[in-house]
Amino acid sequence: MIKAIVVFNNHGKPRLIKFFQHYNEDMQQQIVRETFHLVSKRDENVCNFLEGGRWASGKSSDSENLIGGSDYKIIYRHYATLYFVFCVDSSESELGILDLIQVFVETLDKAFENVCELDLIFHVDKVHYILQELVMGGMVLETNMTEIVTRIEEQSKLEKSEAGLTAVPERAASAVKAGLAGAPARVVSAAKNLDLPKLPSNIQLPNLPSFR
Amino acid sequence: MSQLLEKLTMPAPAKLRDLIRQIRSVRTQAEERAVIEKECANIRGMFRDEDNTYRCRNVAKLLYIHMLGYPAHFGQLECLKLIASPRFTDKRIGYLGAALLLDERQDVHLLVTNSLKNDLNHNTQFVVGLALGTLGNICSVEMSRDLAGEVEKLLKSSNAYIKKKAALCAVRIIRKVPELMEMFLPATKNLLNEKNHGVLLTAVCLITEMCDKSPDALAHFRKQNKMVPQLVRILKNLIMAGYSPEHDVSGVSDPFLQVRILRLLRLLGKNDSEASEAMNDILAQVATNTETTKNVGNSILYETVLTIMDIKSESGLRVLAVNILGRFLLNNDKNIRYVALNSLLKTVQTDLNAVQRHRSTIVDCLKDPDISIRKRAMELSFALVNSNNVRGMMKELIFFLEKADAIFKVDCTSNICIAADKYAPNKRWHIDTMLKVLSTAGSYVRDDVIAHMISLVSEASTLQAYTVQQLFRAIQEDITQQPLVQVSSWCVGEYGDLLMSGQVEEEEPLQVTEDEVLDTLEKVLNSSGSTAVTKSFTLTAVMKLSTRFTQTIPRIQALMDQFGSSVDMELQQRSVEFAKLFKSYDHMRSGLLERMPPLDAKVGSKGDGEEANTNGETTAVSPPASPAVKQEEGNALLDLLGGGPSPAPVIPQMEKPAAPPAASNDLLGDLLGLDLSSPAAGPAPMVPGMTAPQPQMDMLGGLMDGVAAQPAVQMSANNLGIPSLTAYEKNGLKISFSFQRDNSNANVVIITLTATNSTDAPMNEFVFQAAVPKTFQLQLQSPSGSVVPPSNMGVVTQVIKILNPQKAPIRMRIKLTYNYKGTDVNDMGEVNSFPAALWQ
């Protein structure tokens, strides 16, 4: 079972946190911090697995303990500015999870069209929705990228149609109130998708490394 | 700019995007907190005002704030309101919020259950999907019971999108409430006939969970359901089917499904020859047909290998599997090398010969740049050592030891010593190997190695001259490695006369004078780098030399006088006693300082419990795999203990080199007609780590000064007056510890655990686990039962033994699991309030 999925950038700023087991906020942040600490100091040319216990990291660490002890593994991939980290127990195949991370990233790439860190920052909700179609309750739900992207698009359409239905009166009202800024306070994600300025894209992910 | 914007938008709350921008523009943590606190205040205000228009946006903001680590639980109720809204948009963000903010202990669950029930029957598939997704994430025991019926119904839906989500929900429900499994059993039958891969994947997941949880279900699927042929058919279709763009991942058809099926086959085939038989062919097919240029192919192969290893497969197939792993070892991808070593380690017990063939590749991995890989390779290498390859393997491993990371050295040296002890082709080789370990591994050897080496030398009478000369050469060059100096001092003391004798085969004899020997030993005694234990070894050696050397006795006497004023009490006592020997009992000196008879470590360990625990014999007799296994245990304990003290015995010198005193005690004991077994342990608590020559000296002191009885008296107080302690008390479960000191070994504490249950229902499957820091050794004996009866009507007892050679304050972490009224309860705790009498 997958216990947690965490995405953070090269400075350890969280971009996505999803735990499949309850921890309070402080504990979650601590886990992210320590995982970052462990993962970020590893070379690019070492393996992508970190085992619970002191060996892999070269010292005893609490983060694995926090997520449950030596049965747990941290499996991660590093893409440009982002680390994708999955914490799993022994019932998952290590190599399989690496593939899953790749599928996740490729799906994001499809859904956002050349995904970059900023997409993840401004559309955390959408990233969560995509993840929900991929993994559910810590188990893999669907790995067919086309299927996932189609479902996400269908749901966005549904949201937009609702927005269209209710927008008219609201817009009139809020346009009066809000003046310049104008945008009706409605469907956060739908509106956001429409007019997100593409910010400088020098942090774009490079072409996804394909497996040898 | 953003402030301006904010002002203009005043009536409407800032958009999520603007909040994110604002947060990103701050420079310090404090500013960020200020921004977020202000925003949270706004959001709270709006929540209070029951604002419906912006609730959705506010919750979205709250989720972002939550990700940054700020408290957001006050949004829980708002999420529920959103879920109850008729709009999909609201529901979507509401369910997302629920999955992130709620946990299964919340009372709000009652409220959410009703909404979930409605939405599970909704006519829009996406609403049902949202509800299922959330249920799969946060489902509690009560929700499982309430909603299992709905989920079961949806599992039979014709819509694949809903079906697959329902299957995973069912997994979660079974995990929470195993008895609900019955309900889902019939539905699984048709799931595997499904075409949609998502449904297949989740169905296999569900069946795996059932097999895992219940042996009955496993038997059911094996026998009545003909599960194996069905899975084999699906797998075959996957391999044979040509390219299908939908499921293709780098040229392999749905690797995830293949991996899942292989996992399930492993469960079904385990310990069942009929089922194993049915899958042999397909496994061989997968193993040979899978494309391995990409990671996906390798993950399937890896899974296949694991399945072959776990089921009752044909021997040919097993060899094929090991060979695949052998190929993995040569792979460029370090991840694949890692999993290969990992799985070889698992199979080395059963398929030793097949693994043996890949020895050279494994040994090459010792030089891998990746520390995780090196560690696995080291463990595996030790598992492969046998009497045929011991010379070559040891050469490689000693080479590895020279360059190894510090954290490997302790285990590496111990394992080399164990292997050398077991497979040594001859004594000379054995001693040479040990010499190399001592001189290369620096201060990383464990104390058992020192004791072991000493007994080895004392047994090999023909090699003593050679050994003592080699050892002396080694300390002439380097006196910083304490274990080496200790062994050398002991040998020089015992066989100092052989240093000059010059009778050594092969090697060029050493040319030294008595003064040069004493110079070196004096250097050790005066070096600030030498530990007190080392100095004691050396001081005793110098004393012994007084009967082996002829020209330097005055110098030795002077040395003794000099140390008579040492600040170290131990050294002072020793040298004063030695000096006294010169002055008042010179006629007895040569008799007392005679060469020790050969020390038989094995006899020692049988004769006295203390040795059994410390001189390394216990590890030597365990099966070949024990290094690896012990390793794992050690790690697990360390994990449990968390940020305990620094790992491994950092001060190995503090433990007792136990073999020598035992033998000498027995000897002296016989000589004097006294039973020394208890005094042997007696003085230990006073001067931790200093037992080596001490009992002897105490006896001598006793002879001379008439205080012999003192150490013996100490022992009787062992078991008296140690109060018991309550280690854990929660939810009606009480665990108390009572204590005892082991009579035969003062370092062993025996704890008797008593668990009682004051509630009105029994606690089933009660398991108590404990961990201690690495400086201790812990032994848990089997408990008296696994059920703690209710209303304090009975107890479960369990005996815990702790070996505490360093006499450190005992700390223990405990972990409890039990099943109470159908719910699994897990808890951990830490016990730090052990009475000091246990180790003082």
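Reply: Let us begin with one definition: a residue is called buried under 20% relative accessible area, exposed over 50%, and partly exposed in between. Please also note that this is a predicted model.

Me: Why is Leu110(B) called exposed?

Reply: The cut-off for exposed is over 50%. Leu110(B) has a relative accessibility of 69%, and therefore it counts as exposed. This leucine is found in helix H7 of chain B, residues 108-120. Together with Leu77(B) and Leu111(B), Leu110(B) forms a nonpolar patch on the surface, with about 330 Å² of accessible area together.

Me: What makes Thr361(B) count as buried?

Reply: The limit for buried is under 20%. Thr361(B) has 14% relative accessibility, so it counts as buried. Its place is in helix H21 of chain B, residues 359-364. Leaving out residues up to four places away in sequence, Thr361(B) touches Leu329(B) and Leu330(B). Of the 840 residues of chain B, 59% count as buried.

Me: Why is the pair Arg55(B) and Glu50(B) called a salt bridge?

Reply: The rule asks for a side-chain nitrogen of Lys or Arg within 4 Å of a carboxyl oxygen of Asp or Glu. For Arg55(B) and Glu50(B) the distance from N to O is 3.5 Å, and the pair is counted as a salt bridge. In general, side chains of opposite charge can pair when their charged atoms come close. Arg55(B) is buried, with a relative accessible area of 7%, whereas Glu50(B), at 43%, counts as partly exposed.

Me: How do you know that Asp364(B) and Lys367(B) also meet the rule?

Reply: The limit is 4 Å, and the N to O value for the side chains of Asp364(B) and Lys367(B) is 3.9 Å, a salt bridge. Asp364(B) is partly exposed, with a relative accessible area of 47%.

Me: Which residues make contact with Leu268(B), beyond its neighbours within four places in sequence?

Reply: Among them are Cys211(B), Leu218(B), Phe221(B), Val228(B) and Met279(B). Leu268(B) and Met279(B) are also among the residues with the most contacts inside the largest nonpolar core, which has 284 residues. Apart from it lies another core of 34 residues, including Leu733(B) and Phe768(B).

Me: How do you know which part of chain B has the lowest confidence?

Reply: The predictor's confidence in each residue, pLDDT, runs from 0 to 100. Helix H36 of chain B, residues 617-621, has the lowest confidence in the chain, with a mean of 35, and helix H10, residues 160-176, the highest, at 92. Over residues 602-719 of chain B the pLDDT is below 50. Where pLDDT is low, the predicted coordinates should not be read in detail. Chain B averages a pLDDT of 78, and 81% of its residues score at least 70.

Conventions
Residues numbered from 1 in each chain as written. Chains lettered and ligands numbered in written order. Predicted model: local features only at pLDDT ≥ 70, side-chain atom pairs only at ≥ 80, totals over all residues. Heavy atoms only, no water. Helix = DSSP H or I, 4+ residues; strand = E, 2+ residues; numbered from the N terminus. Contact = heavy atoms within 4.5 Å. Core = buried A, V, L, I, M, F, W, Y, C linked by side-chain atoms within 4.5 Å. Buried < 20%, exposed > 50% of the residue type's maximum accessible area, 1.4 Å probe, protein only. Patch = residues over 30% accessible without salt bridge, like charges linked within 9 Å, V, L, I, M, F, W, Y side chains within 5 Å. Areas by Shrake-Rupley, 256 points an atom, 1.4 Å probe, with all protein chains shown as cover.
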